[in-house]
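Dear colleague,

Please find below the structure that I am handing over to you.

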Amino acid sequence: MAFVSLPGLIYRASTPAVRVSDRARLGWSRSAWLPRWRQSFSRSSRLEVNGGRRRSAFRNQQPNGGDGLRRVMSSASASSGTAAGAMQSPVSVSVPERRVGDVVHGFRLERDEWLPDVRSHVRLYRHQQLGTELVSVTADDENKTFGVAFRTPPSDSRGVAHILEHSVLCGSRKYPVKEPFVELLKASLNTFLNAMTFPDKTCYPVASTNVADFYNLVDVYMDAVFFPRLTPDVLAQEGHHVELDDVHGEMSFKGVVYNEMKGVYSSPESVLMTRSQQVLFPDTVYGHESGGDPGEIPDLTWEQFQQFHERFYHPSNARLWFYGDDPEDMRLGKASEFLDDYIAMRQRQGKSLTVDVSASRIPLQPRFSAPRAVEFPYDADDKGKYLATVNWMLHGTTTEVDLERMMALLVLDHLLLGTSASPLRKALIDADIGEDVLGPGLETELLQMTYSVGMKGLASAATVDRMEQIVHGTLRSLAEGALTEDLVLSSLNTVEFRLRENNTGAFPKGLALMLRSLSTWLHDDDPTKLLRFERPLQALRQRLQAGEDVFQQLIRRELLDNPHRVRVTLRPDPEMAKRMRAAERARLDALRAKMGEPELQSLVQDTQRLRAKQEAPDPPEALAKIPVLHVADLEPRVKTVPRKVIREHADVQVLWHPLATNGVVYADVGLDWSRLPADLLPFMGIYAEALLEMGTQRQDYVSLQRRIGRYTGGIRPVVYVSQQVDERGRGAVVQRLFLRGKAMVNQTGDLLQIVSEVLNEPRWDNRERLRQLVMEEKAGLEARLVTSGHVVVANRLRAQYRVSDWMSEQMGGISYLRFLRQLLQRIDSDWESVASALARVHQCVVTRQGAVVNFTTDVYDEAVKPHLNEFLSSIPAAAASMDGPADTPVGAATPLHARNEALVLPAQVNYVGKGGNLYDVGYSITGASLLAAKHLGNGYLWENVRVKGGAYGGFCRLDPRTGTFLYLSYRDPNVDKTIEVYDQAPAHLQQLSLSREEVEKAIIGVIGDMDTYQLPDVKGYSSTLRYLTGETDELRQQRREQVLSARMEDFQKLGEALEEIRKRGSVVVLGGGDAIEKSRQRLQYDEVMKFSEL
């Protein structure tokens, strides 16, 4: 339950002017051992639009070396039940020759070993004076990662850890500007730049592929955490303050974190996960809300805030992490530089160099003697339903549990909940009592591990009882019976594949390893414990082969016979929002009643002073201290990906991207669905899901899912919609349904056979299974309305201007949610027409006509070629003909018109968007336009929507392919004020005057976006999409050159074009009823929709 960045926003692929934290958990598995295994093929990522984006013994193992340097070569992995050992391809990494006990830059080498599990050389150092531990991981990975982490146990729910996470990045000793973080966003090549608050720790990670840029980031972050400029004004801005514009006006609470947490508490799922953790740990720090409860945040005092930093942000309580291919001595030197300064500061202050770090250790929760049940209300409308989880605190701690048991728990978690065919998940869905399964399953990030499972969309308290009975009954049945071989091997293979592949997507591998390491390292245990998986995997396989009932024993001990269990229920309460608003107003009124005229006038002056401070520009001499690269340091040529078009298949475009993939074959099978009639468009999303979730003529969906897990690394559908590159943004629509799969080299044939069977022998006769899929899809969309409201608003706006974006909204936005709700009724009342529609979609989609098949691998001839002809021949040459009159194609039936819309939700925050199309007002988009838009987001919108307006995020988006420009806000307390900020943006750009140095900073930031770090599978897939849309390397180079040569005139030209958006742009707002009602007069909505009435 970490407070981390929004999915899709924290990475280079989509860098906004927002530093956000959320419970989205990085899109990770709940187990720190295995990142991204369940969510990697999550349903929520199906639609893509426009390219969519204590120390324990280390072995003192000394590898061979010579001449002062070691040349380290990895060995192949231990033999296992899969061919995944091929992933352990030799890598070459240089590390300095050292022995345990050597001292370098004040750090003593404590442990040293080559760790083949992660193909890295790992060393643990300890600072001799301060006791700071530093892990140095040398790996053949250009995406270098640094992180500093502190144990930060909260003593209440006032959010001090979270607010401090924000605040230390608001200026420091060396960098006395308002927000060095934002300056880095503007002028860095970073591939990750953020901060994270967990229930027991706070982490500050950065990543970059450029060495100079990387150490610039490290320098700013080290200075921020150890030497921040903390003031009451920083606490007021980032945490909370009372705002009053005039003595007779209305008081209000403001603060970035305050409003962020209002947004978190607007999501029932987030509230449920919070309450589930708290009731399992009522007597420890985990019983508090580290992010801050909005009802308690205003109680945080300056003294508490200041003392928290003094107590916990000490180097003795810090853990430093370096990963990548940068020189180790640079790492130690940089760390030593700041620790030496810290020592000097403490000596000047007459303070002890070390602190008692035992004060930050996490205490153990005493075990319950009997299960418990609790219930909480949550804000809902009159159609709200119950949510509930069953939660266990498991035996032992992450520092006590041996690796074999940990591995068994990990596989058990996947076995129970990992796929739709997993028995516990299936039992809950098949019971037809709720809409979708909830709960993170296994959680190893806390000191004491937990397990959690439940459901959303439960009709009553009685259904909550039924849900719990199903959980216990299913677990009892599994514990008493034999588990089938295909079930066990499917989960075992899936976990093993993903551990070996270590594909973290856009998330830096070094950061994934750091967070995995901190699960034990934070509690003074071996930092490499959870980086090792080879031996526990082998041991688990041997136990299973010997016939031991490993998983049944775990189910009995950890779940069935474990009395430390709590059932948590969230009950819908339509009056809760009203009570919360009344309580907040009563609190403010009571505060006002205690104040006389002088005190009120002083509060008005404080409000004005804080705003003036926020508006005042940083002195140029202070800004000049921020370390940046120079344009001359940038690579002038665009990064390209080798691509070969295989000409021997005339009716199918076969692409090969010859990239090193460590023994994995990545396959993307893209089918052209441009023949789809307009009336079938909304079915496209659920059709894509059903292809892999309804089974085939040969096997039901349970058998199919287990087969996929046993023989491949996974298959997922992606519905892709974009348009061809066109100078006026009106290129032809590009439509493909991709089945994206991966497998080991020797299992390529299995992968393609499964895809062929799915495409040629689908089943559309299982009404109940389709109902389950539609229910899950609907529930997921409803949840994302609050957690990702800015995405909903953006999709709704884009749909007004281009056909491809309209189609996307029909398959993944508010329109799709309407369709799914209606489809649930049709499944019951008119099943035959639903089954017929799915069959018609299939007939239109499955054909070689217009198909593209991409393989990303370095062993095409050996792995792919022997199976390709058979696979392609299995796909029908042409789309099947359909009876009846000719259908209207989607493009011809697309109604595009601009309009103002609002969607009322039970939420305490708003998401405000305004947009239009720049091509349509005569503006020509160039690479320089992207630069001007990025500067607008990272500067003006950040300062006015977030810093001054109190929203959690404010940013803009410019799509150079379609020409659509959007202003967006995230978790915003305002509506009208935010629209005013948007409407003043054109004048800001036209009046803007930047030095050449400032322009160059913006150039560097945009080039960083263009050169975003990608793993091989993403490189191959992205190149395929560029091939389909006509985005050539020449065009990409042209845009790069336009960015590199950008001038102030480009900013002003964008401002002129945005003037038309100010006048004629459309507005979409998603938020609370009161806020939308107050904005009606100004915005004159053409339609106001209510969530319950969609």
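α28 passes α29 in a right-handed crossing. Please note that this is a predicted model, and everything below should be read accordingly.

The helix pair α28 and α29

Helix α28 spans residues 927–948 and helix α29 spans residues 976–991; the two pack with their axes 11 Å apart and at an angle of about 135 degrees. On the α28 side, the residues in contact are A932, L936, Y940, L941, N944 and V945, and they meet T978, V981, Y982, Q984, A985, H988 and L989 of α29. Sorted by class, this contact of α28 with α29 holds 9 nonpolar and 4 polar residues, with no charged residues.

From α29, the contact involves D976, I979, E980 and D983, while α34 contributes K1078, S1079, R1082 and L1083. By class, the contact of α29 with α34 has 5 charged, 2 nonpolar and 1 polar residues.

The sheet

An open sheet of 6 strands, with mixed pairing, runs in the order β28-β29-β27-β30-β26-β31. Its edges are β28 (953–958) and β31 (1087–1090); each has a single partner strand, so one side of each is left without a neighbour in the sheet. From one strand to the next, the twist averages 15 degrees. Within the sheet, β27 (residues 911–917) and β30 (residues 1066–1071) pair in the antiparallel sense over 5 bridges. In β30, V1068 is the bridge partner of G913.

How the helices lie on the strands

α28 lies across β28 and β29 (964–970), and runs at about 165 degrees to β28. α29 lies across β27, β29 and β30, and runs at about 30 degrees to β27.

An annotated region

An unreviewed UniProt entry carries the annotation "domain: Peptidase M16C associated" for residues 570–823. Over residues 570–823, the chain of the model is 50% helix and 17% strand, and the end C-alpha atoms are 27 Å apart.

With kind regards

Note on methods. Residues are numbered from 1 along each chain as its sequence is written. This is a predicted model: local features need pLDDT of at least 70, side-chain atom pairs count only at pLDDT 80 or more; totals for chains, interfaces and linings use all residues. Side-chain values use heavy atoms; hydrogens and water are left out. Axes are lines fitted to C-alpha atoms, for helices over the stretch in contact, and angles run from 0 to 180 degrees between N-to-C directions. Helices (H or I, at least four residues) and strands (E, at least two) are DSSP runs, numbered from the N terminus. A crossing is left-handed if the near helix is turned anticlockwise from the far one by less than a right angle, and right-handed if clockwise. Contact means heavy atoms within 4.5 Å. Ala, Val, Leu, Ile, Met, Phe, Trp, Tyr, Cys and Pro count as nonpolar, Asp, Glu, Lys and Arg as charged, and the others, Gly among them, as polar. Two strands pair if DSSP finds at least two bridges between them. UniProt positions are given in the numbering used here, feature names are shortened, and annotations may be inferred rather than shown by experiment.
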